[in-house]
2 protein chains.
Amino acid sequence: MEISSTFDNMTGLTHDRPVQTSSFCQQFASVDAAGNYDVMNNVVIPTPGAPDPRAQNSLRQSWEMNYQEAAIYLQEGENNDKFFTHPRNANALSAYLFAHNHLFYVMELLTAVLLMLLSLSEAPAVPFLRLDVYVHASLELLALAMVAFELCMKLRWLGFHTFIRHKRTMVKACVLFIQFIEAIVVLVRQTSHLRVTRALRPIFLVDCRYCGAVRRNLRQIFQSLPPFIDILLLLLFFMVIFAILGFCLFSANTADPYFSTLENSIVSLFVLLTTANFPDVMMPAYSKNRWSCIFFIVYLSIELYFIMNLLLAVVFDTFNGVEKMKFKSLLLHKRSAIEHAFQLLVTRQRPDGVCLKQFDGLMRFYRPRMTARDRFLTFKALNHSGATMLSLQDFYKFYEVIGLKWKARRIGEHWFDDLPRTAFLILKGINLLVKSKAFQYAMYLVVAINGIWILVETNMLNDGVSWTHVVPWSYIVFLTIYGVEVLLKITGLGPLTYFSSGWNLFDFSVTVFAFLGLIALAFDMEPFYFIVVLRPFQLLRLFKIKQRYRNVLDTMFELFPRMASLGLTLIIFYYSFAIVGMEFFADVVYPNCCNTSTVAESYRQINVTIGNQTVLKEGYYYLNNFNNILSSFVTLFELTVVNNWYITMEGVTSQTTHWSRLYFMTFYIVTMVVMTIIVAFILDAFVFRMNYSRKNREPLDDPEDEKGIVFETEVSQTEALQTLDMYKHTLGITNLSSLQDMCVALERSGHSSLVFLGRRSRTKSDLSMKMYEEEIQEWYEEYSRTNLQPDETFHRELDSPEASATNSIN
Amino acid sequence: MEISSTFDNMTGLTHDRPVQTSSFCQQFASVDAAGNYDVMNNVVIPTPGAPDPRAQNSLRQSWEMNYQEAAIYLQEGENNDKFFTHPRNANALSAYLFAHNHLFYVMELLTAVLLMLLSLSEAPAVPFLRLDVYVHASLELLALAMVAFELCMKLRWLGFHTFIRHKRTMVKACVLFIQFIEAIVVLVRQTSHLRVTRALRPIFLVDCRYCGAVRRNLRQIFQSLPPFIDILLLLLFFMVIFAILGFCLFSANTADPYFSTLENSIVSLFVLLTTANFPDVMMPAYSKNRWSCIFFIVYLSIELYFIMNLLLAVVFDTFNGVEKMKFKSLLLHKRSAIEHAFQLLVTRQRPDGVCLKQFDGLMRFYRPRMTARDRFLTFKALNHSGATMLSLQDFYKFYEVIGLKWKARRIGEHWFDDLPRTAFLILKGINLLVKSKAFQYAMYLVVAINGIWILVETNMLNDGVSWTHVVPWSYIVFLTIYGVEVLLKITGLGPLTYFSSGWNLFDFSVTVFAFLGLIALAFDMEPFYFIVVLRPFQLLRLFKIKQRYRNVLDTMFELFPRMASLGLTLIIFYYSFAIVGMEFFADVVYPNCCNTSTVAESYRQINVTIGNQTVLKEGYYYLNNFNNILSSFVTLFELTVVNNWYITMEGVTSQTTHWSRLYFMTFYIVTMVVMTIIVAFILDAFVFRMNYSRKNREPLDDPEDEKGIVFETEVSQTEALQTLDMYKHTLGITNLSSLQDMCVALERSGHSSLVFLGRRSRTKSDLSMKMYEEEIQEWYEEYSRTNLQPDETFHRELDSPEASATNSIN
């Protein structure tokens, strides 16, 4: 009896009423049981005597609403959505739910991508993707209509007041409006006009839910801008001073085109800032007077080696601070979200704890696809104190346990423990073999020999590669060795263990690719020959030998998502610049153009007679053009790399006006900002990682580290059965196979309890939590000092203008 | 009477005997008063009864020796000389004293500089500095003889055992030997042979006392090397993989010279690593197949944007750690030096304190040119506890107070307080004027107008600058305004206050330069026209307006010494590479050379007919040669800037062998190391500075900050008189004018006491002290745990092999 009552306490089976009721269920409250509810407080007034089924039903509905709102709060905490966009009533809720699921997100993303891809087909189009005007204009209108629809849903959910207060959404609406009008104009005129506004299309992409990382990057870039601009001004200031100086010193030299006017002087020194015209810019002056090199050495020392690095230092420092602040605000936002959710989950009877029942209700909304067993295990993992309910302190750890993947701890060591004796012995032997150092080093040796082989082989092919159908025997030999290694490892370690290591995955895929290459060679499939040349990537395996490389490559993989989002951010900038470039510079450069400029040489195609043979001498730079979006991207990448960028600039300038330089210079400065941020990011990430491992006296190759975060939870048989019972009878949840499986597993194991392990990979946030351990406590204290108590915050928020507005509507 | 006795205690007038006696005075001990001394302990055995004048005399000599040795210990602590090079006996001492004074240091430096400068005159010489073989070879022999003499002194001071254990000295000796032989060979043959060993000459410079900073830089570079090399290997590895890939993909294209052989492929990708041949290297492949750009984009993204930044991150991280460790070891070394010195200064009677008498004796050796007053004030500044003696804890602060410049606190506020009323009022008015915001902003406005004026004026001179003798009136107007400003400020603030600010000094010198320019213009002195074009630097004053710029420029000035030493380090590398370059590549490139290479264009000088005018089209790259050391330096600077460096490389390669590329590639990698270190240093210094000001919640523009470190000491009249008395009668020091002045000033002021302020500028070490406050305590604890007690350390050191060796010699 006692156990049962405790258990009852834990699961919260008594018909408790929530302390606070979701703002969504006001309708129910007033419609369903008007007589029984205290509308002012939105709380059920208990009917004395036997439970009234009507009241009970509406109580359940009220709880469901609470679960849903709590789940929404937690989602908002996770996504860093501000609470003022929180849905305030049932209408808003339905719009919110419509706009917050993956289907909607995917639609949002596809629409944005479609809009951006349209520029492939709009004039100036990529030749093989050209579409008629009415086709691409109609597609655009369709996509814009979709965006408009999405915005309408958002308006419905946010309410008009919040909608116009939300800056990003307002900008999006304005851009949408302009694009709409322009698309209609294009459709009517049946021809594209000068549409620079297309450069704003990435806004739709940036606003997508899935592009949160890009948004954060952009925010970080804008936050780093003010100090950046200050130093940039210093840079430009020195540039102008030196331009005046250079003009005064070198303009007397008629052989020197770089300093003939003040404008030329400034442009030359701007280009010199990027080193792209060095040492050419110095040569005419240097040939006249050897001491003139001092001017250039001083200029480069100050500008390139000092101020440019200063720029990096300032951005790095700002970046550092911004990263910490971002982490802090995210952390506190999550904490606040948890407090909001907690208030919605506690009952009147026990206002300081959340029972399994409530937690389960929350999780059904928060993670609909989570099994009942995992919901139960997550509850147990949160429940550190061992009490029947989760205190607020327990609940604060919500986001730490939510991503865990639960698995019963395996009792056996190997996957083949259950196999018959002979098989076991063989597999055990293989296991020991593949785990041995000798085997590993033998494989390294094979890879090294393979590498030398490839190098020697390639070096012998002095007159170019000829694709013969004969497969070289060395290829087959090495591939066989690698194939055997992969098979041995898979059998020895078991497929699961094998594929859980990133390095093994890499080995496996390289081997498979090599095999595909062999097939391509054997069956003479020419387009796939490129696979064969990927062979040398096998050599990357050699870098496993040294600790530092493993760390570097591991960190590289950890950084990859963030790097990808930075890359995407860069592409968004590229896109905007490509559109502007196409609108103004499409088809302005061509072979033998630009004869009036100093860089005519690079665009010239002439026949040169050497001996008695006529050879076409090509100046290829006409290929760096803005004729379509793909060419523009390549051109912009070349401008990013900076070397010889002024040839493209001068070419375009000579065909258009002097003002074109503004485009190129602006692009240079923008990429400089983004690149500096990228460098600062890589620096910061690595230094952080290294500091982390130093601070925690934990070698980076700690095998525990690879496994990420692990939580352990022990479940006894009685507990499991009771939980199953509870779920079956009281909560009325039908899909309980996971819980039943757990009970069966417990029985089969013969032990009275089973340990479950919850794992997830370690994130930057986990590292930050450890790094800033002490500061976090300060932040929490500061947070609880400056904020009102959670209850009060909640009430205050409900009393805020929007809340009272929604209240008055109902 | 009581005061007098306390004072007696403080000054230590009683004839105390030292606890330890300097190892130098063993001779005296055994010779002068053999009967009275305990030779084993080197301590005077007191003669009972009346003071024996002989014993007294030798006691004084013994003390003098102690002072000297203590001063040497403190010097070793300051210079970070290891204690095993400490002189051990009287002979060593005299050699030590000979080798440790500024005359010797200057000689050392001049010899090293002379040796390095010789390469200006040796074949291939700078034309106007060419010397005959016998002249420069004799000069070299002379300089080498000087170095040999210096080494002999060192041998005498260190003793043979220590000498051969000191690595740097041994290397120097070997290099000296080789150079000697070579110089003699040159003198005999009367012609220079292939003397690559001249590249080792900078070793003599590096070994100079004054080049300690360069030595530290080099050490730091070498310490950062291991992680650097690891990442470099990764970089080169990817390069080779991509070279094989590129060769396989593009060698079929006959129009593509970049990937025709594997060697070309590797060289092309190495150059691409520096971006110097981008986008040219891509163009032939790109024009055949547009998708081939992916190869180059992937390569650059991995190598240039990822691994190169990784390199910086790793070096930055190592650098950070190394900086901290360096600070730690310096700090502990200083502490140990202080402990050694302290042991030599305490008396038998009071073994835990140092009296003024002993302190004064020490300072007379440590800072011979310090006045008696300053020695007394320094003692007072150290004496925090107010007791009559310095405890070890007090004495630990020795290095913090030693650089202080003492000044009596001025009672008046302005320099003109003592002037008559009218003058005072006028000057007060000027003072208020120049301190007012309005005046400052008016000046900013003038500077800004001047800037715009110069810009517009220069822009109007479209056909080059013509130097007319007519001085433009705007020049005179603005110069007058600046002149008036300078005069007003000097009169208003007083010359001392005015010139103590760096910004004012800058203003002053720019104005003086402008005035000199005016004179040059007016009197038509053509060679000084360059001064006129320096005018725009006035505009730098505008950067005073914004806080961030002031910080940046201040930090820049703080960093300047370190930057200069890094620059010197770079020049030393340049020197070695220049020598090697001259030996192998002198006179290999000339106009119209290199016709077999792909860069022939850049070396070609041809007459081009445009219309009916024949113009000489110059490919100037033949100027980038190794024909003499100055040209080599310029060429190497161009290689450092990297852009188009491969033109120089290919030009030289086509005239010599393929192996020449090794030289250029090695140089690139070496400069990459040094440049990465420089970037890491700037990053580190700025981030450190910003962290410092954040941590100490102290705005960087704190006026106190500008003043640096300030110590205050109050001296009462009695104390001053007593000290004077003590100095006069007991210590027998004659040059007491400074103390007498102090007494006079005290009497004149009418106050019973006077406050003296000791100031020095804040150094990096002071900042580090504050930044690592907590860690420093740990270090000290660790230090006292792992080390023996100071006494024991001392004894242990005396018992070490060298010490016993020297002991046995005597």
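This is a predicted model: local features need pLDDT of at least 70, side-chain atom pairs count only at pLDDT 80 or more; totals for chains, interfaces and linings use all residues.
Visitor: Which residue is joined to Cys593(A)?
Guide: Cys593(A) is joined to Cys594(A), with an S to S distance of 2.5 Å. The torsion about the S-S bond is about -45 degrees, so this disulfide is left-handed.

Visitor: Is Cys593(A) buried or exposed?
Guide: Cys593(A) is buried, because its relative accessibility of 2% lies under 20%. Cys594(A) is buried as well, at 1%.

Visitor: And what do Cys593(B) and Cys594(B) form?
Guide: They form a disulfide, with sulfur atoms 2.5 Å apart. This link is left-handed, with -45 degrees about the S-S bond, and both Cys593(B) and Cys594(B) are buried. Cys152(A), by contrast, is in no disulfide; the nearest cysteine sulfur belongs to Cys174(A), 15 Å away.

Visitor: Turning to helices, at what angle do helix 12 and helix 30 of chain B cross?
Guide: Their axes cross at roughly 100 degrees and come within 11 Å. Helix 12 of chain B is therefore roughly perpendicular to helix 30 of chain B.

Visitor: Which residues meet there?
Guide: Glu323(B), Phe327(B) and Leu331(B) of helix 12 meet Lys764(B), Ser765(B), Ser768(B) and Met769(B) of helix 30. The residues of this contact comprise three nonpolar, two polar and two charged.

Visitor: Where does UniProt place the "Ion transport" domain in chain A?
Guide: The unreviewed UniProt entry places that domain at residues 108–324 and 437–687 of chain A. Over residues 108–324 the chain is 74% helix and 0% strand, and the end C-alpha atoms are 31 Å apart.

Terms used. Residues are numbered from 1 along each chain as its sequence is written. Chains are lettered from A and ligands numbered from 1 in the order in which they are written. Side-chain values use heavy atoms; hydrogens and water are left out. Axes are lines fitted to C-alpha atoms, for helices over the stretch in contact, and angles run from 0 to 180 degrees between N-to-C directions. Helices (H or I, at least four residues) and strands (E, at least two) are DSSP runs, numbered from the N terminus. Angles under 35 degrees count as roughly parallel, over 145 as roughly antiparallel, 65 to 115 as roughly perpendicular and the rest as oblique. Contact means heavy atoms within 4.5 Å. Ala, Val, Leu, Ile, Met, Phe, Trp, Tyr, Cys and Pro count as nonpolar, Asp, Glu, Lys and Arg as charged, and the others, Gly among them, as polar. UniProt positions are given in the numbering used here, feature names are shortened, and annotations may be inferred rather than shown by experiment. A disulfide is a pair of cysteine sulfur atoms within 2.5 Å. Buried means under 20% relative accessible area, exposed over 50%, partly exposed in between (1.4 Å probe, protein chains only).
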